Amino acid sequence: MMLKVEQLTYTYRDGTKALDRISFSVPNHAKVAILGPNGSGKSTLFLHFNGIFLPQEGNVEVLGIPVNKKTEKDLKRKVGLVFQDPDDQVFSSTLWEDVAFGPENLGYSKEEVEHRVERALKAVDMWDYRHKPPYHLSFGQKKRAAIAGILAMDCEIMMLDEPVAYLDPQGQDQLFSLLNELYQQGMSILIATHDVNLACEWADYIILMKDGRVLAQGGTELLVRED
Ligand code: ADP
Ligand code: ADP
């Protein structure tokens, strides 16, 4: 299983119950959409998949690995998160440095870091911009740069929070053709979105959330009403 969530509950310090006994599972190598309105708990859920949050109650398994104190580091390396706002993620003085940050942190040799950064920037078609500071880039370019940072770490799952926020139609097309390419190469992709059309058109598996609960889960037929 790519994801297995059992009775997961998460309460923020101020008492807000962001996740309330949710359960679902997703098979390996899928294009998954967590679909729900703002505030339904999508981001809180994502943060459990890369070990930033540990389950307070219930269990989460990612790629067969239980999420806990012992595995959180491993999960941070296996599961990459692309933030909704790339300005929160891409901010070094050059794009090269941004993408190198992850593999450098993982302790790879200089040669290996260079190899990974080059491969990642070429994969997202941003190699020519490697000397540029991110503030010179368009939103779509920054988003692709954030994706490069994750590719440079060789993550097995990529999660994107509201992937098309702020992107123009061309930026959206470029992003989704990149995501589809990465999927074909074996990566599992998970998006959080409030956009029903986007989820139905792109995903092959949908988890429908509201108020911290899972209302439905399954293939896109789930959201087709036959009446
Ligand atoms: P979504 O990603 O679907 O918009 P979130 O996971 O961000 O949903 O939020 C779920 C609920 O948790 C919302 O009620 C939100 O206001 C609340 N929440 C999110 N982050 C925090 C926080 N740091 N402290 C308190 N409540 C939070
Ligand atoms: P160029 O043709 O511009 O020299 P290179 O592929 O040789 O291109 O290098 C890419 C650029 O990326 C370098 O000029 C440098 O600015 C940056 N760079 C290369 N290696 C590193 C590194 N280890 N750390 C930080 N920046 C680097």
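**Ground rules.** I note that the model is predicted, that local features need pLDDT of at least 70 and side-chain atom pairs pLDDT 80 or more, while totals for chains, interfaces and linings use all residues. Residues are numbered from 1 along each chain as its sequence is written, chains are lettered from A and ligands numbered from 1 in the order in which they are written, and side-chain values use heavy atoms, with hydrogens and water left out.

**Entry 1, ligand 1.** I began by listing the residues around ligand 1, where a residue is near a molecule if one of its heavy atoms lies within 4 Å of it. The list holds Tyr-12, Asp-14, Thr-16, Ala-18, Pro-37, Asn-38, Gly-39, Ser-40, Gly-41, Lys-42, Ser-43 and Thr-44. I sorted them by class, with Ala, Val, Leu, Ile, Met, Phe, Trp, Tyr, Cys and Pro as nonpolar, Asp, Glu, Lys and Arg as charged, and the others, Gly among them, as polar. This shell has three nonpolar, seven polar and two charged residues. Helix α1 (residues 42-49) supplies the largest share of the shell, three residues; helices are DSSP runs of H or I with at least four residues, strands are runs of E with at least two, and both are numbered from the N terminus.

I then looked for polar contacts, meaning pairs of N or O atoms within 3.5 Å. A polar side-chain atom of Ser-43 lies 2.6 Å from an oxygen atom of ligand 1. Polar backbone atoms also take part, that of Gly-41 at 3.0 Å from a ligand oxygen and that of Ser-40 at 3.1 Å from a ligand oxygen. Taken alone, ligand 1 exposes 560 Å², of which the protein buries 62%; such areas come from the Shrake-Rupley method with a 1.4 Å probe.

**Entry 2, ligand 2.** Which residues are around ligand 2? I found Trp-96, Glu-114, Trp-127, Arg-130 and His-131, which divide into two nonpolar, one polar and two charged. The side chain of His-131 has an N or O atom 2.8 Å from an oxygen atom of the ligand.

I counted pairs of Phe, Tyr and Trp rings (the six-membered ring for Trp) with centres within 6.5 Å, where planes under 30 degrees apart are stacked, over 60 edge-to-face and the rest tilted. The count comes to six aromatic pairs. One of them joins Tyr-10 and Tyr-12 edge-to-face, at 5.1 Å centre to centre and 75 degrees between the planes. I call a residue buried under 20% relative accessible area, exposed over 50% and partly exposed in between (1.4 Å probe, protein chains only). Tyr-10 is buried at 11%, whereas Tyr-12 is partly exposed at 31%. The rings of Phe-176 and Trp-202 have centres 5.9 Å apart and planes at 65 degrees, so this pair is edge-to-face too. Because Phe-176 lies in helix α6 (residues 169-184) and Trp-202 in helix α7 (residues 196-202), the pair ties together parts that are 26 residues apart in sequence. Phe-176 is buried at 11% relative accessibility, and Trp-202 is buried at 6%. Tyr-10 and Tyr-12 also belong to one aromatic cluster with Phe-53.

I also checked for charges over rings, which requires NZ of Lys or CZ of Arg within 6 Å of the ring centre and within 35 degrees of the ring normal. The charged end of Arg-116 sits over the ring of Tyr-108, 4.0 Å from its centre. Lys-122 lies over the face of Trp-127, at 5.1 Å from the ring centre.

Most residues other than glycine have a negative phi. I noted that Gln-7, in strand β1 (residues 3-11), has a positive phi near 55 degrees. Arg-21, in strand β2 (residues 17-26), has a positive phi of about 50 degrees. Gln-7 is partly exposed at 45% relative accessibility, and Arg-21 is partly exposed at 44%.

Note on methods:
Polar contact = N/O pair within 3.5 Å; in protein donor to acceptor, adjacent residues only side chain to side chain.
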